[in-house]
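Please read these notes with the structure open beside you. They go from the whole chain to single residues.

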Amino acid sequence: MTIIATIPAFQLPDSDPDAGLVLGYDNTVLSSNPAARALVQRAGMAGLAGLLPVNTQALINACLSQGRAIADVESRLPGLICLWTFIPDQASGQVLARGRNATDDIRKLDEAIRSSRLYRLITENTTDLISRHAPDGSFIDATPASWRLLGYWPEELRGKPLEDVFLSSTLNAELEDVRNRLRDEGYATLTLDITHRDGSKRWFEIASRAIRETYTGAVIEVVSVSRDITARVESEENNRRLADELAHTARLATLGELASSIAHEMNQPLATIVNFASASQRYLKQARENPECLERVDDGLQRITHHANRASEVIKRLRAFLRKGQKRTAPISINDAISNVKRLCQWDADKNRVVIRERLTASNPVITADPVLLEQVLINLIRNGIDANIEAHQDSSSPSQITVTTCVNSEREILVEVADQGPGLDETGLRQMFTPFYTSKPQGLGLGLSMSRSIVEGFGGFLDAKPDEQGGLVLVCRFPPLNSSKNRSDQSREIGQHE
């Protein structure tokens, strides 16, 4: 009969920082070192055996029968993770179990695995293209979305310059600016039109961030996220086109409503031209007998030229007002714009016994806007006031009044106020008056004020309404402030050039 020694065959030094247990063939603990006993206290276990993996007996059997060590066996305890190595001594039938506290290492490894899985899940399924680039822009790597967005698989992109992939008419100019911003700020965005590998046109929105070398701060890599915004760009373009068509239709309707005013403004210079032409003919017939008549002919021809130019300006202004196409912003004197619009609306106002009164600030404020669209807004506001006055004073023989005021408030905003003497609106009417197709007029479309607000907002301003203290309504246009007095003088010079 063979007797297995119960005296530990292994010597456990007290200075060993790793836990050590000498185990018998039946999983009994024969001896332990201080590090093992410290682990028991830390884990709050009742005994040393509780530190070991749950399958320790099977591991002992395998070690002794196979004569080999088994390493890195994990045991998880509350707040503690240990990795154990089992070393057999076949002569004594004992096993040395050495365990180290691997809590931090295992948790970091678990976190790395989770992060890797999450990264793969994102990169393999995201619809945006995530790419890595060398400082010169060439591709280092890309996610599988590159096939859908660019027509290249990630393997094809590696090492390719941006210029060979992002076929764009504006890339070279944009790329230099992006490199400078990445170098200086570490972050850059751009919107780019590109050509897909299949030849189709796409729009990309690209956000890039620089990865820097720790000590020198030099850009060593760039990470970019590219999103296909083609559908959004096309939608915005369609909306812009529809808005332009609607604005043009509104201008046509306004022109029809102002036909009498336009005819009056044209008739005055034309009638004057006819009068001076007739007078000049008479003086020419008398020129042989009276040479002084030639001076009157010369004066008449000068006046004819003056009034012909005036008529030409009216036509030019109308053609500009009816123009279709892209917006053309320019510095505009708001006072001059109001005076021009007043002339267009004057005949309509006179016909309905409405006096248009101007209270224009002497500072002559300047805004940046499309001249045609600005005139469209001002016409809408003044004609809205005329209509309101007609409604409130149709049975009165005395004239009513509209007051157009310009000023610059304490926040340096440029204000244009159009105050009428109409019936005004209640709170419900004030809330709804800028809603498309809302109108109190029997023949109105309800688009004038709604469109005017959109146009003013496009200039960076806002259009609102408030009750007038004397009754009626005040429509208020707020335009953004000028940056500085230098800008005001620069814009004033540009006005002169524009005119």
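1. Surface. The model is predicted, and its protein chain has an accessible surface of about 28,400 Å². Carbon and sulfur atoms account for 51% of that surface.

2. Burial and secondary structure. The protein chain has 499 residues, and 39% of them count as buried. Its secondary structure is made up of 15 helices and 17 strands.

3. Contacts along the chain. Take the contacts between residues at least 6 apart in sequence: 56% of these join residues at least 24 apart.

4. Confidence. The average pLDDT of the protein chain is 81, and 84% of the residues reach a score of at least 70. Which residues have a pLDDT that stays under 50? Residues 484–499 do, and for this stretch the model has 16 contacts beyond four places in sequence. Where pLDDT is low, the predicted coordinates should not be read in detail.

5. Phenylalanine 139. Find strand β7, which covers residues 139–142 and contains phenylalanine 139. Is phenylalanine 139 buried or exposed? Its relative accessibility is 3%, and the cut-off for buried is under 20%, so phenylalanine 139 counts as buried.

6. Neighbours of phenylalanine 139. Leaving out residues up to four places away in sequence, phenylalanine 139 touches Ser131, Arg132 and His133, and also Leu157, Arg158, Gly159, Lys160, Leu162 and Val165. Take lysine 160 from this list: 21 residues separate it from phenylalanine 139 in sequence, while the two C-alpha atoms are 5.5 Å apart in space.

7. Glutamate 427. This residue lies in helix α13, which covers residues 427–432. Glutamate 427 has a relative accessible area of 62%; the cut-off for exposed is over 50%, so glutamate 427 is exposed. How many residues apart along the chain are glutamate 427 and lysine 466? They are 39 residues apart, with 9.6 Å between their C-alpha atoms.

8. Cysteines. How many disulfides does the model contain? The count is zero, where a disulfide would need a pair of cysteine sulfur atoms within 2.5 Å.

Conventions:
Residues numbered from 1 in each chain as written. Predicted model: local features only at pLDDT ≥ 70, side-chain atom pairs only at ≥ 80, totals over all residues. Heavy atoms only, no water. Helix = DSSP H or I, 4+ residues; strand = E, 2+ residues; numbered from the N terminus. Buried < 20%, exposed > 50% of the residue type's maximum accessible area, 1.4 Å probe, protein only. Contact = heavy atoms within 4.5 Å. Areas by Shrake-Rupley, 256 points an atom, 1.4 Å probe, with all protein chains shown as cover. pLDDT = per-residue confidence, 0-100.
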